[in-house]
Amino acid sequence: MKSLARYAALNGYVELGRSLGLDPVRLVRDAGLDPASLSLQDRWVPAAAIAGLLERSALEARCEDFGLRLAARRRFANLGPLSLVLREEPDVRSALRVMSRHEHMYNEALHTRLTERNGIATLRLTLDTGEPGPTRQAIELAVGVLHGVLREFLGTGWQPVEVRFTHPAPQDLRDHHRILGPNVTFEQEFNGIVTYTTDLDTNNAMSDPQLRAYAQQFLDAARIDHTATTSDRVRELIELLLPTGRCSIEQVARSLGVDRRTVHRQLAAEGQTFTSLLDATRTELAQHLVAHRRHSLTEIAQLLAFSSQSNFSRWFRSRHGCSPKQWRDDRSRPAT
């Protein structure tokens with residue numbers, strides 16, 4: 001199963017790529033991603049595709065710290081709804097725990113673990129995209145973003161005890177020292193940040209105790225939008241998940257922050273089932289994609305998670321009484 005991340009992970013990518021002489025649109029497309037969707041921050045895409053894009057970009061730009069430079073362009077608000085909740089936590093430790101507990105809301109591949117011992121706090125980051133391949137740039141992006149979040153709370157004068165990476169050092173360390181400070185080490189046993197536990201005790205100057213409960217309610221609303229029906233939310237997720245090859249009731253439930261039985265129960269109350277919504281959404285998407293000539297029939301079969309074009313064609317004919325090619329030809333023929 002592929003781990004997913006939101007397009008928000010690429011916030012600032014186009015601008016950085018262009019500043020380094022790259023063609024970001026081509027690179028995004030070559031990675032199997034949609035350049036037009038970069039502005040849709042909440043859309044889910046395979047985390048491995050994002051990691052691969054960052055690696056190829058670093059290679060073409062001959063920029064070993066591409067991911068770190070991208071992190072330097074981030075702002076606290078890039079965490080989306082989660083940033084509003086973090087701002088209202090009473091101290092740094094509480095904010096980090098909330099961030100770790102809800103990190104699946106923006107990146108399923110990223111896992112953060114906080115441990116404290118003998119006055120030292122260690123934040124370990126692991127990245128599991130579900131596919132083999134280098135992740136150096138994605139790791140540096142994640143560590144850089146975490147470092148930036150801590151500086152939001154602790155001030156620009158804060159320096160960690162150490163920033164650690166498991167990969168080898170780049171030839172030029174100037175950007176690492178500029179962004180992360182002087183205490184950066186490589187070829188370590190984990191990726192992450194080491195600081196003092198007293199830093200985590202620091203009160204959050206941004207917090208307003210009276211707003212904390214409202215911020216938590218906002219986070220709950222972001223996890224599952226109760227203004228939309230469950231059928232609406234499931235249909236939206238099916239559309240987003242189909243191209244990833246992991247459009248299952250389990251994944252939909254996880255994205256909604258509930259268990260599969262809850263999804264089944266809520267859909268039944270609305271007179272729907274997951275299978276009926278999957279089939280209806282697939283049918284609508286197929287009609288739209290086939291009618292337009294942007295994608296080949298083989299590409300459409302892949303986008304709709306069919307194992308082959310022949311399987312897609314049989315499924316399409318069973319619903320429309322003709323092949324996808326006939327459907328496309330009929331709709332491109334001028335009316336008489």
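Me: Which element gives the largest share of the lining of the second largest pocket, and what makes a residue count as lining?

Reply: The largest share, eleven residues, comes from H7, a helix (a DSSP run of H or I, at least four residues; strands are runs of E, at least two). A lining residue has an atom within 4 Å of a pocket point, and 41 residues line this pocket, with Arg74, Leu141, Gly144, Val145 and Leu146 nearest its centre. The model is predicted, so local features need pLDDT of at least 70 and side-chain atom pairs 80 or more, while totals for chains, interfaces and linings use all residues. Numbering runs from 1 along each chain as its sequence is written, and side-chain values use heavy atoms, without hydrogens and water.

Me: Why is this space called a pocket, and what is its volume?

Reply: It is called a pocket because it is an open set of points on a 1 Å grid where a 1.4 Å probe fits, with protein on both sides within 12 Å along at least five of seven lines. Its volume, the space filled by probe spheres set on the points, is about 820 Å³, and about 1,100 Å³ lies in the largest pocket.

Me: What makes E4 and E7 paired strands?

Reply: Pairing requires at least two DSSP bridges; E4 and E7 (residues 191-196) have six, in the antiparallel sense, and are therefore paired. Leu123 stands opposite Ile193 in E7.

Me: Why is one side of E3 left without a neighbour in the sheet?

Reply: The open sheet has the order E3-E4-E7-E5-E6, with mixed pairing; E3 and E6 (184-185) stand at its edges, each with a single partner strand, so one side of each is left without a neighbour.
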